[in-house]
Number of protein chains: 2
Amino acid sequence: MNIFSIKQLLTGTHLLQEVVISGWVKTYRSNRFIALNDGSTIDNIQCVVDFEKFDESLLKQITTGAAIKVSGTLVESQGKGQNVEIQVANLVVHGGADPETYPIQPKKHSLEFLREKAHLRIRTNTFSAVMRVRSALSFAIHQYFQQNGFYYVNTPIITGSDAEGAGEMFRVTTLDDKNPPLTKDGEVDYSKDFFGKETNLTVSGQLEAETFAMGLGKVYTFGPTFRAENSNTSRHLSEFWMIEPEMAFYDLDANMDLAEDFIKSIISYVLKNCGKDLSFLEKRLLEEEKSKPQAERSGMPLMEKLRFVVDNNFKRVSYTEAIEILRDSKPNKKKKFQYTIEEWGADLQSEHERFLVEKHFKCPVILFDYPAKIKAFYMRLNEDGKTVRAMDILFPGIGEIVGGSQREERLEVLRDKIKALDIDEKELWWYLDLRKFGTAVHSGFGLGFERLVLFATGMGNIRDVIPFPRTPQNAEF
Amino acid sequence: MNIFSIKQLLTGTHLLQEVVISGWVKTYRSNRFIALNDGSTIDNIQCVVDFEKFDESLLKQITTGAAIKVSGTLVESQGKGQNVEIQVANLVVHGGADPETYPIQPKKHSLEFLREKAHLRIRTNTFSAVMRVRSALSFAIHQYFQQNGFYYVNTPIITGSDAEGAGEMFRVTTLDDKNPPLTKDGEVDYSKDFFGKETNLTVSGQLEAETFAMGLGKVYTFGPTFRAENSNTSRHLSEFWMIEPEMAFYDLDANMDLAEDFIKSIISYVLKNCGKDLSFLEKRLLEEEKSKPQAERSGMPLMEKLRFVVDNNFKRVSYTEAIEILRDSKPNKKKKFQYTIEEWGADLQSEHERFLVEKHFKCPVILFDYPAKIKAFYMRLNEDGKTVRAMDILFPGIGEIVGGSQREERLEVLRDKIKALDIDEKELWWYLDLRKFGTAVHSGFGLGFERLVLFATGMGNIRDVIPFPRTPQNAEF
């Protein structure tokens, strides 16, 4: 007798075989039909019990959430809703689930309620579907890069460099929490800390990834990054996963080509491999949006939206063009934007990005050549002296999903920018070395993984697409 | 004209085509032959320059480490050492590398010296080979699990749970470093910290992975973990990557079967896909070991050692048998062990593990059924009441590479163990919930990724198989 997963039984050709399967009871009805799920797929397998053959005390333990093992014959189903079912010959209860106390009963639970039960929510259809899609997306990302000549690099999580500049950082320390050692000047003496210096959690692996790109050619990171910002929004996490490819000899155009091809490829992968989960999530979203005003609905059903991204070119627009479009737009003229766009140089807000993507172009948009003043120091200055070779990819419903740039490869220009920002050059000695020795045009971008999962699953809150979300005031589990 | 990688040019069929290639100069000899590398492979491509056609000032910039772009025709090579070479028509210097200051000159550098230059060491043959193998191993791991019905899960890095118990932890905080807020009792008031509680960097994702296994069936983590221990050895890092599969309905035997099949599969993958890098690393190791006393040499050439692991069954031995073997062994009787094995219950030291693997069995060994007292609280107690269903996999030269167990699925037994260890049950409320609701036999293991890379590459120090190592007193870059 072979041990199968439910996915294998439902997709394979095991008719009339004797099978053994373990899983958790979703429902048990008419004292006869058990819907059993083992997480391998969103579909349950129907297990048919001849109740006269089993002890009543045993059958009483078959409640929602109980873990059981059944063995029996896989046969064609007589009923509707499934092709095959198991005629149960033997049944063992691994562990029951008291209906009085088990929180995940077969009814609709709010996402907020389930967040409090993050250790059990994986047993719901919604979360198991989201997490299977998340897993598939992860693999699609690794596969894409590995098949395209990129090497995976694990940049450090604990960083002694405080010049990354992408946001507020968490301190990492083993010093006495109440009475840390002090220097003569009365400051905390980090030379006595674990690493002999002040250390923080990384906000980006980019600078370190650049060192590797300048030797291996094409590399990518895929790891956790951190922001100690007090942002309690549906799009921000204090701990999130980021993908950061970095390529020697790529200019901004090659960078944009790569980013677009990459996103299309991984979305194609889940369309191909996660049909059942996406179909469930699409229905969930339609249901949820029924209660929303028309303007807040996403317009396209989930899978249509994903196929739209795969099938259409992303619109490439310079920042300068975008400002003109925004300045002339109805909401700008009618003062409907919270921040009116008045002149070149303005930082784009989420409302502007959404207008461009959702109202004006109605497709993913790549904005490029931003004003130097609103972008990071390491981005390559254009010949005009005022814009940098930056690009952001904006997605409908999500906003910025990718931020990237061609990097400043010229030592003197980079030095001037570092100086202008009052960053101590010594902090970046190794980063500057890359420009001293064998420097070359190179580029890269960062993709926030959870935002991608949000987009691919149609979920509305980023807390619901990561197993155990970390946000201000929340590090439960 | 197409843009290729050197790997494509050397393995593909582009003879007599016009090609463009960028890379870094390895050597330039006879004013004629440039050995160029772009990181895509360990092999260089020979670029042949007719020096009379180029400016002397241009040719002067072609020094080791300089980044250049060449275009020309790919032709069969007349010389030895390569099949093809580029007849250079055009040459552009992206960026030079002053021979007076560029540290990575074409001569032998010590690994210690290169650790100080961790931002440039990727440009050496040894490190680029190691990092390509590391990347391939990462992908092999993802591919193995995804093809075998596992889902990838990202367990939290910042943890509010202090009951993982696997080692000393790093504190994560945004409180004022000098004058943290205090409670009435004069303790640091973590309710005012970013997450509203004391938080640390995770030492293991296992407990959270278990919550997912009890819904998705088979899951795995692959992420960074941390130990704030003051261990300055060639096998310990403060920040390292770990793989932790966790499977519902797997007992210890199934767990051992999986671990063995998994390790063999990923080693096979690199043997198949990293031949050139492994061959280079094998030669490097042979060279290095020439200067070592016979007893410290690894005995088998690198690839033979890898094939040995793939081709042979791991020897499965109970802890009790192992103790008997050790007690009766020559080094034990002759007091050659630092810690003499006297009775059942002794914790095995590295010297004992190495004796079993390298001298006694001469193959990878899986030890199982350890005394409960020397293992973690969550391991399943055997019927004998004194051993637990734990297993460690021991590798030659490396020692413990995998540690795993069947998990205690019985609520009352687990509660008693937690109580005996004085852990507050409230800390583990969610972990205990897994035993209240639909509990079942389940198992998992942890594999230290860098130890695997050490083994696969034949490197001797764990600091040399991770891009930017974190160890006590060191968080540079």
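Tutor: The count of salt bridges between chain B and chain A is two. The model is a predicted one, in which local features need pLDDT of at least 70 and side-chain atom pairs count only at pLDDT 80 or more, while totals for chains, interfaces and linings use all residues. Residues are numbered from 1 along each chain as its sequence is written, chains are lettered from A and ligands numbered from 1 in the order in which they are written, and side-chain values use heavy atoms, with hydrogens and water left out.

Student: Why is the pair A:E187 and B:K178 called a salt bridge?

Tutor: The term requires a side-chain nitrogen of Lys or Arg within 4 Å of a carboxyl oxygen of Asp or Glu. The closest N and O atoms of A:E187 and B:K178 are 3.5 Å apart, so the pair meets the definition.

Student: Which helix gives the largest share of the side of chain B that touches chain A?

Tutor: Helix α4 of chain B (residues 125-147) does, with ten residues; helices (H or I, at least four residues) and strands (E, at least two) are DSSP runs, numbered from the N terminus.

Student: How many residues does each chain bring to the contact?

Tutor: Chain B supplies 109 residues and chain A 110 residues, where contact means heavy atoms within 4.5 Å. Of the interface residues of chain B, 100% are also interface residues in chain A, so the copies meet through the same surface.

Student: What area do chain B and chain A bury between them?

Tutor: They bury about 8700 Å², 64% of it on carbon and sulfur atoms. Buried area is the accessible area (1.4 Å probe) that two parts lose on being put together, summed over both.

Student: What makes strand β9 of chain A and strand β9 of chain B a pair?

Tutor: Pairing requires that DSSP find at least two bridges between two strands. The two β9 strands, each residues 171-173, are joined over three bridges in the antiparallel sense, so they qualify. A:R171 stands opposite B:T173 in this pairing.

Student: Why are the two copies said to be related as by a two-fold rotation axis?

Tutor: Copies are superposed by least squares on the C-alpha atoms of residues with pLDDT of at least 70 in both. A rotation of 180° with 0.0 Å of shift along its axis superposes chain B on chain A, with RMSD 0.0 Å. The copies are thus related as by a two-fold rotation axis. In chain B, the C-alpha nearest the axis is that of B:V172, 2.5 Å from it.
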